[in-house]
Structures are given as structure tokens and as C-alpha cells.
Amino acid sequence: MALALGLAACGNGGSETTPADGGSNAAAPGTVKIGFMGDLTGANAGIVIPPRNGAKLAIDQYNKTNPAVKIELVEYDSQADPSKAVALAQQAIKTDKIVGLVGPAFSGESAQVGPVLEEAKLPSVSASATNVKLAENGWKYWHRVLPNDGVQGPGIADFIVDGAAAKNVFVIDDKSEYGKPLADAVRAQLKTKGATVTDDSLDPAESDFSSVVNKVAAAKPDAIFFGGYYAAGGNLLKQLRDKNVDAKFLSGDGSLDKGLIEGAGAENAEGALIGCPCYIATPDVTDAKVKDFAASYKAAYNADPAIYASEGFDAATVFIEAIKAGKTTPEDINQFISTVDFAGVSKQVKFAPNGEVEAKDIYIYQVKGGAITLLGKAAEAKLG
């Protein structure tokens, strides 16, 4: 889990490479294989295709330098199904002989795949999985290039109270391994800041959220936070607005996709706020490195970079730097990862011993004119 502006990127670029089909041969001399795993064709693929594209861009740029050791990117479409992800991980290890994995993308599949990768001593770097507990398993081969929900949740909650001036907040989660812990982190922080909090949950597999919507309407909150993915988030927002609930609507990185706008309708989505531990190269960003990345991404995919595109680029760059240093076996690559410290597109990339990235910034995005724009860092952003 997770994400996006000009946001067409979330639906594009799906044809550049073909997911692994189990028929791959062992890596040719002078070539190593890096995998990418995530939901590339499922309901929430919009927040996985951008990091896949970012990773592919980094590898393509590296290969164009004609290095002594080239990299082949092998894709594994988990469709966010943990059981499918486990089978794909076993294929990646035993058949495809990858030496590292960008992913898994979501927290649920990460929890199931982690032990498989750990047993095989295969290093992984996720560009989008945020569940706090993933870092508490004692895994030595697992890493992520974004802050976890223990950082994201409080950051969003602080913005809700300080930046959005809300005192009465209705918090809804989708009961998932991603959405509920994130919502719980928001709830806990809101209470420490003196906000009144009302709780509820929904089933994202359903389409009628009237029970939750009626409770929200009765509570008359200043703001609503939804912990879950954009497919359900857009539907929820539409039903809230149809019920004339005009409270500020906020969600986390799982909703940072054009699908939120499409599901709610542009008018209903206008003004919606989305927090994310990701730095998207929006058209209004001025950082030179980020702008260069955005231009390269646009040239490659004819779309603006979206949620976790820059994190996917940085995750792949971790492996690229290892290979450039002559590390081509999983064990050597993993050892190298513990020493990396470079300025990525999304942040300074350096890992703590538990695999967590040390950078902790959370950003707030807002829907304006049918697009998602950067409002600012959560600690600094203010609504006018």
C-alpha cells in the first residue's frame, strides 16, 4: 500500500514489459535479474503501476550506459493477492533466479512474502508498503524507501487538527492490513491533540456504504478520514456528498490516485485531501532533480509521474548502486544495502538496521480542478 496528478500515469505504461510467466531462463552472463512485485492489473493497480514505471526507468537508464553487468527487470503481477504473491516469490527465487526484489507493493502481501524472501536470503526494497509491523519481524533482507504508517498516521492527524482546523473527526477504515492500522494511528494521534473522534468501518467489497454514511451525517464532523484504497474511497466520498455531508474529506496514500476523483466525480472530489509518505513530481515542484526525473518519466511513458513513481525509481537505484559496486549475489547486495546513503529523487536514501528508511517527511496533496496537487509537508501545510 497506496499511489497522482496529471494522474493519467496510473493507468498508462502497462505494456512496456510482460509479467513473468514461469518460463524465464537463468540470467545470462553479464546480466542479473531484479524483480518487481505488486498489483499490476487488479482493482488498485493505479498505485502500483507508477512505482513499477519508476523502477523500470531507473534500470533502463542504467542499461543505456552499457555497463559490464546489465539488469533485467522481471515483473510479478500479484493482483494484491497474498497467496498469489507467495507463489510468485517462490517462482522468482527458484526458477527466475532474481538477485533482488522491488516490492512487494502492498502490506498484506509483504507480510506473507517476507518469510519466503528471508528464508531464501533475498533482499527486497518496497516502494509502497507502509504497515508498521513489517519492520518488527527481525527480517534482515527486507527494506522500504518510505516512512511507515506510524509516521504517516500521526502526520496526517496533526495536519487535520493544525492545518485543517478540525476538532470533530469521523474516522473510517476498510478493515484491511493496510487501512485499519493507518486509521488507528490517525485515531490515536487525534485523541492526543484533543479532537473528538467517532469510529466506524466498511467492507470495500460492498458498494452501498449507506450505514456508514448515515452515521457520519448524524455526527456532523468537521473532517472525515478514510483508511483504505481509492476504489472504495471514491465511492464513499460520492455517497457522502450525495447525502449533503460537506465535511473535509481526507485519506492516506492508498487513495492518492485519479481513481479517487473518478469514483467520487470531479465535483465531489474537489478539495479532498490525501496524505502520503511520498514526494510526487507535480508540475509545481521546483527541485531540479525532481523536475529532471519528471521530464524523463514523461518522455518514457507519455504521462506525469504519479504516486510512488519516485520511490520506485529510488528502490531500483538501491540495487543499481550495489551492482555498480560489483555486488551481484543476493548476500553481497544485501550487505551493500546496509551501507547505502545517497540523495534519491524522493528523499535521502539510508536505511536503519531494521530496514526502515531514515527520512520521515509526510506530504499533503489536494484535489484542485480535477487534478491532485501538492499542498506541502504535513507539518507545514495550511488550508486557506
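## Accessibility of a salt-bridged pair

A residue counts as buried under 20% relative accessible area, as exposed over 50%, and as partly exposed in between. D162 has a relative accessibility of 42% and is therefore partly exposed. The model discussed here is a predicted one.

The side chain of D162 forms a salt bridge with that of K193, with an N to O distance of 3.1 Å. This pair links distant parts of the chain: D162 belongs to helix α4 (residues 149-163), while K193 sits in the loop between α5 (179-192) and β7 (196-201), 31 residues apart. K193 is also partly exposed, at 30% relative accessibility.

## Other salt bridges

The structure contains 16 salt bridges. One of them joins K347 and E311, with N and O 3.4 Å apart. K347 is in the loop between β11 (341-343) and β12 (348-350) and E311 is in helix α11, so the bridge ties together parts 36 residues apart in sequence. K347 is buried at 12% relative accessibility, and E311 is buried at 0%.

A further salt bridge connects D60 and K56, whose closest N and O atoms are 2.9 Å apart. D60 and K56 are four residues apart in helix α1 (residues 49-63), so about one helical turn separates them. D60 is partly exposed, with 28% relative accessibility, whereas K56 is buried at 13%. Elsewhere, D173, K180, D184, R187 and D199 are linked in a network of salt bridges.

## Packing of α2 and α3

Helix α2 (residues 82-94) packs on helix α3 (residues 107-120) at an angle of about 25 degrees, and their axes are 8 Å apart. The two helices are therefore roughly parallel. Their crossing is right-handed.

On the α2 side the contact involves P82, A85, V86, A89, Q90 and I93; on the α3 side it involves G108, E109, Q112, V113, V116, L117 and A120. By class, this contact has nine nonpolar, three polar and one charged residues.

## Packing of α11 and α12

Helix α11 (residues 309-324) meets helix α12 (residues 330-337) at about 110 degrees, with the axes 9 Å apart. That angle makes α11 roughly perpendicular to α12. The crossing of α11 and α12 is right-handed.

V318, F319, E321 and A322 of α11 make the contact with I333, F336 and I337 of α12. The residues at this contact are six nonpolar, no polar and one charged.

## Position of A218

A218 lies in helix α6 (residues 210-219). With a relative accessible area of 62%, A218 is exposed. The C-alpha atoms of A218 and A343 are separated by 48 Å, and the two residues are 125 residues apart along the chain.

Key
Residues numbered from 1 in each chain as written. Predicted model: local features only at pLDDT ≥ 70, side-chain atom pairs only at ≥ 80, totals over all residues. Heavy atoms only, no water. Axes fitted to C-alpha atoms, helices over the stretch in contact; angles between N-to-C directions. Parallel < 35°, antiparallel > 145°, perpendicular 65-115°, else oblique. Left-handed = near helix turned anticlockwise from the far one by under 90°. Contact = heavy atoms within 4.5 Å. Nonpolar A, V, L, I, M, F, W, Y, C, P; charged D, E, K, R; others polar. Buried < 20%, exposed > 50% of the residue type's maximum accessible area, 1.4 Å probe, protein only. Salt bridge = Lys/Arg side-chain N within 4 Å of Asp/Glu carboxyl O.
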